[in-house]
Amino acid sequence: MDLDLTEEQLAFAAEARAWLAENVPATPLPSMDTEAGFAAHREWEAKLAAGGWSVVSWPEEYGGRGAGLIEWVLFEEEYYRAGAPTRVAQNGISLLAPILFGHGTDAQRERFLRDMTDGTLIWAQAWSEPGAGSDLASIRSTAKRDDERGGWILNGQKTWSSRAPWADRGFGLFRSDPEAQRHRGLTYFLFPMDAEGLTVRPITQLDGTTGFAELFFDDVFVADEDVLGAPGDGWRVAMSTAGNERGLSLRSPGRFCAATDRLIDLWQKNQDQDPFAQDAVVDAWIKSEAYRLYTWGTVSTLQEGGDIGAEGSVNKVFWSELDIAIHQTGLDLLGPAAELRSASAEAGGRWVDDYIFALGGPIYAGTNEIQRNIIAERILGLPRGGDGRKAS
Amino acid sequence: MKFVISEEQRALAEAIDQVIESLGGTAVARAASEGDAAPARALWEQLAELGLLGLCIDEADGGMGGTPVDLIVAFERLGYHAAPGPYLESAALLPDLVDPALRESLADGSAIATAAIPGFVPYALDAQLCSQQFIVTADSITPAEAGEGQESIDAARTLHELTPAGPAAALDPEAVALAIDRATLGSAAMLLGAGERLLEEAVAYAKLREQFGRVIGEYQGLKHQLANVRVALTFARPLLKGAALDLGTPSGERSMSAAKVAASDAAILAARTALQVHGAIGYTQEHDLSLWLTRVHALASAWGTTRYHRSRIAASILTPAAILSPAS
Ligand SMILES: Cc1cc2nc3c(=O)[nH]c(=O)nc-3n(C[C@H](O)[C@H](O)[C@H](O)COP(=O)(O)OP(=O)(O)OC[C@H]3O[C@@H](n4cnc5c(N)ncnc54)[C@H](O)[C@@H]3O)c2cc1C
């Protein structure tokens with residue numbers, strides 16, 4: 001479809017396509033949630049950076065190309081279509097960086113941003129706690145002021161922290177004002193994973209890899225220079241990440257279009273004449289198209305100065321369910337061979353791996369039930385309550 | 001970019017809303033469903049004055065020279081108000097298929113026409129309002145007489161079998177295909193409008209009705225169903241816009257089909273949910289909800305069932321020769 005792209009934008013996409021065709025590894029890298037795979041993905045980040053493709057939308061002074069949103073979406077389409085590796089640096093690049101740009105100090109931007117572009121600095125996210133999942137504001141990990149050393153002392157436990165087993169640093173919220181309730185009195189910290197007193201215990205996920213970990217903080221000292229935003233203002237600062245995670249940056253349409261392309265290939269190969277299977281493939285295509293067109297619409301809105309707001313919740317429910325539907329259909333097409341995962345399986349077992357990955361979508365980044373609450377209350381204007389939550 | 005609705009399109013939508021509301025809004029559909037065609041005729045006249053009937057006709061031929069995006073903007077409003085009458089036939093399907101004199105009369109509203117397309121739209125809608133009827137095939141158009149009206153699931157729609165009543169004129173098959181796709185796009189827009197209205201009505205009711213000492217909109221069992229409707233409608237909309245921009249291009253057919261499938265599925269979900277939220281009052285003919293509940297089912301099966309449109313997409317994307325990417 002004609003999207004009104006300029007010559008420059010088309011040339012940009014062509015350049016990306018050519019570079020990716022030349023550089024994407026011919027055999028997929030091992031899972032980034034294994035030690036060897038993590039290292040291989042780190043190297044890939046360095047290669048991307050050397051080609052100038054790791055953070056196209058960042059300003060040039062930090063290693064980006066200063067590209068606009070449209071170029072970013074185009075790049076992502078090319079990236080996924082080329083079958084390029086998963087971005088091990090995503091926590092930092094997509095979730096933390098926008099906050100560093102918006103709320104960080106110049107010194108923080110200088111210290112962190114460039115190292116984030118080439119795999120030197122990989123971040124883990126540390127929001128959830130054993131008692132604080134959907135109800136994130138019930139965080140109990142603490143930060144105590146240490147005026148003598150000029151910083152804070154962290155205690156408590158974080159969990160489900162993605163990339164934490166091999167990450168270099170983590171970011172997360174801690175209760176710095178013991179008197180304050182819920183969203184108040186929280187502070188946003190950026191801490192080194194090898195800090196004294198910090199224990200990382202990897203957790204094996206459904207697919208057998210260690211994609212996340214528990215973090216135990218036992219008097220971990222963090223200097224003032226590692227506080228992001230003002231002390232006590234952590235919730236507001238963090239929520240700008242949540243918007244990014246649900247909205248545009250986490251799941252670009254290229255990802256679903258590429259998965260749908262693979263699904264169509266699989267259908268061609270099997271020539272499955274079952275009309276129900278055919279309908280499911282067609283529906284995956286329709287929804288990927290819808291997501292792609294919706295994203296272009298969002299890009300237009302953002303370019304005209306609008307913002308996503310609670311619409312990000314509509315988006316998150318849609319892509320996470322689409323991801324499962326595509327991969328469930330893939331497994332259906334594989335029939336009795338669907339459970340196979342070893343190298344000799346279809347696409348080296350990728351359908352199983354990607355299906356298991358998709359299953360997490362409705363849970364992380366705010367569960368889909370929480371998103372539906374947000375849609376009902378903030379978009380449809382229905383009254384809060386009915387599930388025990390108090391007004392915030 | 002093309003994805004943002006323009007000021008003019010917003011103004012067109014508002015003008016349509018005003019005309020319909022000045023005639024009592026749903027009162028027009030209500031009257032039609034009780035056999036009184038006068039309000040529907042009055043509405044037709046006023047919308048003709050606004051230019052809606054000439055929306056898809058070139059300015060040189062007395063029309064507005066509107067784009068397919070204008071078409072979806074306008075037809076969404078007709079669906080939103082459950083406006084009765086053969087608008088798809090007169091304003092979207094036939095203008096490019098009839099002779100210039102009739103085209104001009106359709107544009108100014110002095111003629112109202114309906115059509116059947118054997119095997120696709122087997123019955124002609126609302127011949128009782130019309131001055132002309134036509135049978136349209138893949139490559140011809142034939143004047144026709146309408147048989148007695150038959151009831152639809154939607155009491156505001158009357159359906160007629162047509163029999164030829166004059167010589168057939170040959171048509172360019174491409175022009176016919178394009179005209180059918182344009183009308184189908186209009187039907188998808190009406191479905192989207194009806195779906196949006198159903199959601200609005202359900203949300204409004206959920207904020208009012210109390211049970212167990214609370215408004216029912218506090219209950220998550222309903223909230224989440226309504227949120228699902230919001231998601232489905234939100235993601236049907238860009239497919240309509242995409243199809244409007246694609247109409248008449250090589251990928252136009254499958255884009256159209258995607259829009260119709262998504263709009264039908266979303267509108268039917270909206271209908272089911274709106275009824276459930278209303279409880280028994282929604283199950284009555286007396287309540288206005290019935291106007292959209294039944295309209296949605298009529299429009300979902302007219303202008304190509306979702307089964308037909310899915311198979312048309314399958315033919316486009318699942319051919320061994322051409323592995324088409326959604327982005328191509
Ligand atoms: C693959 C994966 C990666 C993750 N990565 C990270 C990470 O990097 N960093 C991090 O901090 N966390 C991460 N998480 C954790 C994730 O953010 C939490 O799992 C999520 O917030 C839900 O919390 P919970 O698991 O404690 O579930 P709970 O909050 O206990 O929810 C359990 C169930 O109850 C439902 N529920 C809860 N409250 C309500 C309500 N008010 N209304 C209706 N239903 C409700 C939920 O929707 C869910 O179905 C990850 C999780 C997964 C699966």
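A pocket, in the sense used here, is an open set of grid points with protein on both sides within 12 Å along at least five of seven lines, whereas a cavity is a set of points where a 1.4 Å probe fits but cannot get out. The model to which these terms are applied is a predicted one.

With that in mind, the second largest pocket holds about 900 Å³ of space. Its lining is made up of 29 residues, and those that lie nearest the centre are A:Thr301, B:Phe3, B:Ile5, B:Arg237 and B:Lys241. Two or more residues of this lining come from each of α8 (275-303) of chain A and, in chain B, α1 (7-22), α4 (68-80), α7 (173-208) and α8 (220-246). Sorted by class, the lining of the second largest pocket comprises 14 nonpolar, five polar and 10 charged residues.

The next subject is the interface between the chains. Here 55 residues of chain A are in contact with 46 residues of chain B, and the two chains bury about 4,400 Å² between them, with 69% of that area on carbon and sulfur atoms. Between chain B and chain A there are also 10 residue pairs in polar contact, counted where both residues have pLDDT 80 or more, and three salt bridges. A salt bridge joins A:Asp283 to B:Arg310, where the closest N and O atoms are 2.8 Å apart. On the side of chain B that touches chain A, at least two residues each are supplied by α7, β10 (214-215), α8, α9 (252-278) and α11 (306-317) of chain B. The largest share of that side, 15 residues, belongs to α8(B), the helix that also gives two or more residues to the lining of the second largest pocket. By class, the side of chain B that touches chain A consists of 27 nonpolar, nine polar and 10 charged residues.

Over the whole structure, the search finds five cavities of 30 Å³ or more, and the largest cavity contains about 80 Å³ of space. Of the 13 residues that line the largest cavity, B:Gly85, B:Leu125, B:Arg157, B:Met190 and B:Arg295 lie nearest its centre. In chain B, α5 (87-93) and α10 (289-301) each provide at least two residues of this lining, and α5(B) gives the most, with three residues. The lining of the largest cavity divides into eight nonpolar residues, one polar residue and four charged residues.

Notes:
Residues numbered from 1 in each chain as written. Chains lettered and ligands numbered in written order. Predicted model: local features only at pLDDT ≥ 70, side-chain atom pairs only at ≥ 80, totals over all residues. Heavy atoms only, no water. 1 Å grid on protein atoms, 1.4 Å probe; cavity = no way out; pocket = protein on both sides within 12 Å on 5 of 7 lines; lining within 4 Å. Points joined across faces, edges and corners; volume = space filled by probe spheres on them. Helix = DSSP H or I, 4+ residues; strand = E, 2+ residues; numbered from the N terminus. Nonpolar A, V, L, I, M, F, W, Y, C, P; charged D, E, K, R; others polar. Contact = heavy atoms within 4.5 Å. Buried area = accessible area lost by both parts, 1.4 Å probe. Salt bridge = Lys/Arg side-chain N within 4 Å of Asp/Glu carboxyl O. Polar contact = N/O pair within 3.5 Å; in protein donor to acceptor, adjacent residues only side chain to side chain.
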